[in-house]
Amino acid sequence: MKKYVVLLIAALALMSAGKQDGAITKENGGYIINTTTIASSVEGYNGPVPLKIYIKKNKVEKIEILKNQETPKYLAKVKKALLNAWDGLTVKEAKAKKVDGVTGATFTSDAIKENVQKGLDYYQKNK
């Protein structure tokens, strides 16, 4: 019995040693930042607009919008106008880039831009 307790304690210690918040994962030689938890207070028009930011070799590969409650019509405009704005940029360049929002979808645009910033900050601190 004592042996099992020691093993359990060791396993728990190992699990808590690293970041286990699910915000950053390593995949295919790159990183994926999920802003669901790190930018949970950032809201668009109808609530949070979490993202997945794919980074490889310190460059933004792509950004995806995760499940949210935004109006599909406006979200489609924002996706078309904003999501590719950071593609191919280094993390430093992407953080410095000023991206215009989409007229008529200001709250959603602002939420995405802030999520990108928080995600890139998180990546730099935790990679």
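Which elements do the buried residues of H3 pack against? What we have here is a predicted model, in which local features need pLDDT of at least 70, side-chain atom pairs count only at pLDDT 80 or more, and totals for chains, interfaces and linings use all residues. Residues are numbered from 1 along each chain as its sequence is written, and side-chain values use heavy atoms, with hydrogens and water left out.

Let me begin with the chain as a whole. Its secondary structure comes to 5 helices and 4 strands, where helices (H or I, at least four residues) and strands (E, at least two) are DSSP runs, numbered from the N terminus. Read from the N terminus on, the elements run α-β-β-α-β-β-α-α-α. Of the 127 residues in the chain, 35% are buried; buried means under 20% relative accessible area, exposed over 50%, and partly exposed in between, with a 1.4 Å probe and protein chains only. If we take contacts (heavy atoms within 4.5 Å) between residues at least 6 apart in sequence, 55% of them join residues at least 24 apart.

Now to helix H3, which spans residues 72–82. Its buried residues are Leu75, Val78 and Leu82. They cover an arc of only 60° around the axis, which puts them on the same side of H3, the arc being that of the directions from the helix axis to the C-beta atoms. The face turned away from this buried side carries the exposed residues Pro72, Lys73 and Lys80. As for the opening question, the buried residues of H3 pack against E4 and H5.

That brings us to the core. A nonpolar core is a set of buried Ala, Val, Leu, Ile, Met, Phe, Trp, Tyr and Cys residues joined through side-chain atoms within 4.5 Å. The largest one here has 30 residues, of which Ile53, Ile63, Trp86, Ile112 and Leu120 touch the most other members. Strand E3 (51–56), E4, H3, helix H4 (91–96) and H5 each supply at least two residues of this core, and the largest share, 6 residues, comes from H5. Leaving out residues up to four places away in sequence, Ile112 touches Val49, Leu51, Ile65, Val78, Leu82, Leu83 and Trp86.

Helix H5 (residues 106–126) also holds Ser109, which counts as buried because its relative accessibility is 0%. With residues up to four places away in sequence again set aside, Ser109 touches Val78, Leu82, Gly101 and Val102.

Next, the loops. Asn68 lies in the loop between strand E4 (59–65) and helix H3, and at 17% relative accessibility Asn68 counts as buried. Its side chain reaches the backbone oxygen of Leu66 at 2.8 Å, and the side chain of Asn68 also reaches the backbone nitrogen of Glu70 at 2.9 Å. Apart from its neighbours within four places in sequence, Asn68 is in contact with Pro48, Val49, Pro50 and Leu75.

Finally, Ala39 sits in the loop between helix H2 (35–38) and E3, and is buried, with a relative accessible area of 2%. Ala39 and Val49 are 10 residues apart in sequence and 8.8 Å apart in space, C-alpha to C-alpha. Beyond residues up to four places away in sequence, Ala39 touches Asn115 and Lys118.

Key
Polar contact = N/O pair within 3.5 Å; in protein donor to acceptor, adjacent residues only side chain to side chain.
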